Amino acid sequence: MSLLSADYRRDMGVHKYPLLVYALTPLAALVLQAWLPRLAHGYTWFDLPLVVTVYFALARRSPIEGTLLGAGMGLFEDALTQHAIGVNGIAKTVAGFLAGSVGVRIDVENHTIRTMVTFVLSLLSSVIYFSVYRILLGLSMEWNWLAELMKAVVNSLIAMVLFPLLDRTRVRD
Amino acid sequence: MESFFVRYRNLLVLLAILLAQIIGLAMQVRRGDSGRNSLDPQDAPGVRLLRLWADAVVAPPEKAFHATRLGVVSAWQDYLDLRHVREQNEDLQKTIDRLRLEQASLLEDAKQGERLQALMDFQQKYIYKTQAAQAIGTSGSDSSRVFYIDKGADYKLERDMAVITADGIAGKVREVFPHSAQVLAINDQTSGAGVILETTRVRGILRGNAAGQPQIVGILKDDRIKPGEKVLTAGGDLIFPRGLPVGVVEKVVADPERDSFIDVIVRPAAHLDRLDEVLVITSTEAHFPPEQQQDMATSELLKGAQAAAIAEAALEQKKAAEVMAERLPGLTEPNAPATTPAAGTTPANGQPGTGATPAAAAAAPPVPKLLQPQHPDRFTPGAGAPLGGETRAPAGQEKKPAPKTGLKPQSKPGQKANVPPTHAGGNTQP
């Protein structure tokens, strides 16, 4: 893991993508997240919207963009459930903000680092979701931590495959 | 001041968005009378609008994916199915006939049940009308066991309609959109369905746990509840009609929060993890629907035809038995009541002329005479001496009372009873 100096960070350009990639990738993640569990016999051990949020937040190196993207994805996911709208939104807002903040400080070209960031933020997102639901809202909900750990691992594996593919769509100067 | 906003703009944006979401959450949660927080069962207009937008974005691609997958799968399966379709069709037709007969036999019980329920001022609802729909998507979250179907308000679906499959109940409609609907599955933690255990008649509420298994909660400890017992809908929740299959008891575990209570884990009858086609019960009636009544009328007709067929088959079987009796004299029961006294045989009770009337004797076929053995012994028919003038019954049957058949005894007063023989020729007099 290589921490970068401020001058080097300024020199590094922010990654840019075609508008179609910005629009379609999050949308595809949301649709697939809702559709794929039907093929996987109900197992939902992945969170594609979170993976996409982390990717763009890291690549854009912008906490604000990460925050906005995370909030949008989370609210959208909440709207597809029967739960209160905003629980996932808060969790992914924080995850996007942290990913954007970390992106300023680390080498986001390194696959291992990006995978580790995805793993940690996936777990953190689960913790925030559970905390908001149980503590902030005071609602009862059983929780399976093993499933959340499994989800973090699967998210990391997806990130290992998906991030290089998305890198190829990057606009090069 | 300007530098403050510029310097902390990232953090300020984060806080602003978090605050907005927290306020939005606070508006969706209510504190109940019991002091516990709960979500509004009915979404506020703003929340419903967000759900509507999300559904409008996700549902069309999901329908397209689903249709494509179904097209590919069904094209392949159609080819495979066509290979044995004729045999399957015949088997299915037989099954339909059999089921119709069973249904007709159950009709009287059902009608009687209706009358009794009317006496008890309880009306059972029967499924009147259903709407088939395809499951097209999920919520995409483990903590929310909902799925989406491709029919909505355009097919007159409404909130709280029951969703079932051929195997058992699946859930209830929670939200209806113009062209799709959200269904809350029975294994969600926020669902609730009134159920009853078939054998022990214990009632409870079914809801999901964290692992996505349906469980019956709030039941007092009961040793009679065993794995394998069937679980049915109780009908008290006004959503699911009574008597629909829910699943079977998988195991019984202690309630972690309350002593002397148990949770009954249920293995659902419907395959909740791979739902494809479901039925939404759009209407229920207190009486049998016309279609079902028509089916029952057909069943009655079929039943009559089948009864005639069975009688004919029995007649043919009887004729065949008679022919066989003619051709196989050695198998003829030597102690059977004589029907032809003129042929020289002795009636079973040893008194000639009491076995049959002369007219019957004339009509009956001649019974062949038994061949005489070359070396008779004590086992030879007619060689054994009667014990005290009576036939001894086999062990275990000596004190057995005669079965109540409702038929009059054939022996006349002053005549010995015609006791069944112990073995061939056991009571035949020489």
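A: This is a predicted model. Start with helix 4 of chain A, residues 63-80. Its 18 residues reach 26 Å from first C-alpha to last.

Q: How do you know that this span is close to what is expected for helix 4 of chain A?
A: At 1.5 Å a residue, 26 Å is expected.

Q: What makes helix 4 of chain A largely enclosed by the rest of the structure?
A: A residue is buried if 20 or more other C-beta atoms lie within 10 Å of its own. In helix 4 of chain A, 16 of the 18 residues are buried, so the rest of the structure largely encloses this helix.

Q: Why is helix 3 of chain A called roughly antiparallel to helix 4 of chain A?
A: Their axes come within 9 Å and cross at roughly 170°. Angles over 145 degrees count as roughly antiparallel, so the label applies.

Q: Which residues make that contact?
A: Helix 3 of chain A brings A:Pro49, A:Thr53, A:Phe56, A:Ala57 and A:Arg60. Among those from helix 4 of chain A are A:Leu69, A:Gly70 and A:Met73. By class, the contact has 5 nonpolar, 3 polar and 3 charged residues.

Q: Which residues touch the most other members of the largest nonpolar core?
A: That core has 98 residues, and those touching the most others include A:Val54, A:Ala99 and B:Val183. Helix 3 of chain A gives the most to this core, with 10 residues.

Q: What does B:Val183 contact beyond its neighbours within four places in sequence?
A: Its contacts include B:Val146, B:Phe147, B:Ile149 and B:Val163.

Note on methods: Residues numbered from 1 in each chain as written. Chains lettered and ligands numbered in written order. Predicted model: local features only at pLDDT ≥ 70, side-chain atom pairs only at ≥ 80, totals over all residues. Core = buried A, V, L, I, M, F, W, Y, C linked by C-beta atoms within 7 Å. Buried ≥ 20, exposed ≤ 12 C-beta atoms within 10 Å, placed from the backbone. Helix = DSSP H or I, 4+ residues; strand = E, 2+ residues; numbered from the N terminus. Contact = placed C-beta atoms within 7 Å. Expected span 1.5 Å × (residues − 1). Axes fitted to C-alpha atoms, helices over the stretch in contact; angles between N-to-C directions. Parallel < 35°, antiparallel > 145°, perpendicular 65-115°, else oblique. Nonpolar A, V, L, I, M, F, W, Y, C, P; charged D, E, K, R; others polar.
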